[in-house]
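Colleague: Could you take a close look at the aromatic part of this protein for me, and at the core around it? I would be glad of one connected account.

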Amino acid sequence: MAASASVYDAVKTHLVASMKRLTTDYVDLYYLHRINEEVSFEEVAAAMGRLIDEGLIRGWGLSQVDVETLAKAHAVTPVSAVQNIYSMVERGCETEVIPYCVNHNIGFVPFSPLASGFLSGKVTVDTKFEEVDDVRKFVPQLKRENIAANQPILDVLADFSKRKKATNAQISLAWMLHKYPNVIPIPGSKNLERILENLAAADVSLTDEEFAQLETALSACTVHGHRGFVETEQHTFGNNWKKKE
Ligand SMILES: NC(=O)c1ccc[n+]([C@@H]2O[C@H](COP(=O)([O-])OP(=O)(O)OC[C@H]3O[C@@H](n4cnc5c(N)ncnc54)[C@H](OP(=O)(O)O)[C@@H]3O)[C@@H](O)[C@H]2O)c1
């Protein structure tokens with residue numbers, strides 16, 4: 001499909017404005033963060049292809065997509081990366097999206113890989129999210145009752161952390177790095193020590209036997225609550241652009 005002039009022009013206008021702000025003349029990976037249901041995403045995919053041909057972007061990615069959308073987009077312009085929610089407590093992508101990415105040589109970039117900090121074990125039932133911009137107060141999985149009910153998952157992590165002389169956060173990341181060849185998690189932190197701790201997860205290697213034990217222990221745990229509809233249901237985001245009646 002060829003990119004229609006208006007879609008291509010709109011995407012390019014935003015890209016050029018971003019490049020000006022970033023003082024760069026190309027972007028390595030340009031994400032379509034959410035799909036605007038008012039616009040054909042095949043046309044957006046075609047526009048991304050033109051921008052790649054022009055050398056303005058090296059590759060493009062999608063965020064919080066299902067496998068049908070991804071396959072349609074990939075058929076128009078090959079996708080470089082998919083950024084979806086994924087962690088030990090948000091494993092929906094394991095059934096279709098990650099296998100598709102593995103099979104089509106697409107990088108999979110898990111966002112919220114520490115379940116908004118829960119998997120670090122540093123969030124407890126007594127943690128208060130008081131900052132005005134702290135979105136964790138809206139995350140159902142971080143409600144007191146879910147933190148308490150999900151404690152068995154933290155017990156599994158604590159056991160492995162002790163065995164591997166690592167932290168819970170590092171085990172959470174090492175688990176997904178071991179599980180798939182194409183996964184690049186992006187844990188978020190405003191704290192330098194934690195950023196370095198999370199980076200060092202790349203040095204925590206699990207043996208196949210340890211990994212299998214971890215998988216078995218995790219699959220025996222029930223996950224309570226979810227991250228939230230905004231992130232888990234892409235369509236509610238897509239509706240944000242709907243024209244007012
Ligand atoms: N594509 C999308 O739709 C989407 C949606 C949401 C987020 N994201 C991206 O995903 C990335 C991370 O997601 P996220 O911030 O939601 O979740 P996350 O990485 O699962 O968790 C981040 C939280 O965990 C804490 N934390 C991080 N490392 C820790 C450690 N080693 N020990 C203890 N606590 C630790 C951080 O607190 P401190 O800051 O105090 O360390 C922060 O509150 C961000 O880059 C974000 O932009 C993308």
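Modeller: Happy to! A residue counts as buried here when its relative accessible area is under 20%, and as exposed when that area is over 50%. Please keep in mind that this is a predicted model.

By that cut-off, tyrosine 86 and tryptophan 175 are both buried. Their rings form a stacked aromatic pair, with 5.7 Å from centre to centre and 20° between the planes. Tyrosine 86 belongs to the loop between β3 (81-83) and α4 (97-103), while tryptophan 175 is in helix α7, so the pair ties together parts that are 89 residues apart in sequence. The structure has three aromatic pairs in total. Through ring pairs, Tyr86, Trp175, Phe108 and Tyr180 are linked into a cluster.

Phe108 leads us on to the core. The largest nonpolar core holds 61 residues, and Phe108 is among those with the most contacts inside it, along with Met48, Trp60, Leu70, Val82 and Leu214. Helix α2 (residues 41-53) supplies the largest share of this core, six residues. Since domain 1 (1-78) and domain 2 (116-182 + 196-245) both give residues to the core, it lies between them.

A disulfide is a covalent bond between the sulfur atoms of two cysteines. The closest cysteine sulfur to that of cysteine 93 is the one in cysteine 101, 8.1 Å away, which is too far for a bond. A search of the whole structure accordingly finds zero disulfides.

Aromatic rings also meet charges here. The charged end of arginine 50 sits over the ring of tyrosine 8, at 3.5 Å from its centre. Likewise, arginine 163 lies over the face of phenylalanine 160, 4.5 Å from the ring centre.

For contrast, have a look at glycine 188, in the loop between α7 (168-179) and α8 (192-199). Glycine 188 is exposed, with a relative accessible area of 68%.

Technical notes: Residues are numbered from 1 along each chain as its sequence is written. This is a predicted model: local features need pLDDT of at least 70, side-chain atom pairs count only at pLDDT 80 or more; totals for chains, interfaces and linings use all residues. Side-chain values use heavy atoms; hydrogens and water are left out. A disulfide is a pair of cysteine sulfur atoms within 2.5 Å. A nonpolar core is a set of buried Ala, Val, Leu, Ile, Met, Phe, Trp, Tyr and Cys residues joined through side-chain atoms within 4.5 Å. Buried means under 20% relative accessible area, exposed over 50%, partly exposed in between (1.4 Å probe, protein chains only). Helices (H or I, at least four residues) and strands (E, at least two) are DSSP runs, numbered from the N terminus. Domain bounds come from an automatic or database domain assignment. Rings of Phe, Tyr and Trp (its six-membered ring) pair if their centres lie within 6.5 Å; planes under 30 degrees apart count as stacked, over 60 as edge-to-face and the rest as tilted. A charge sits over a ring if NZ of Lys or CZ of Arg is within 6 Å of the ring centre and within 35 degrees of the ring normal.
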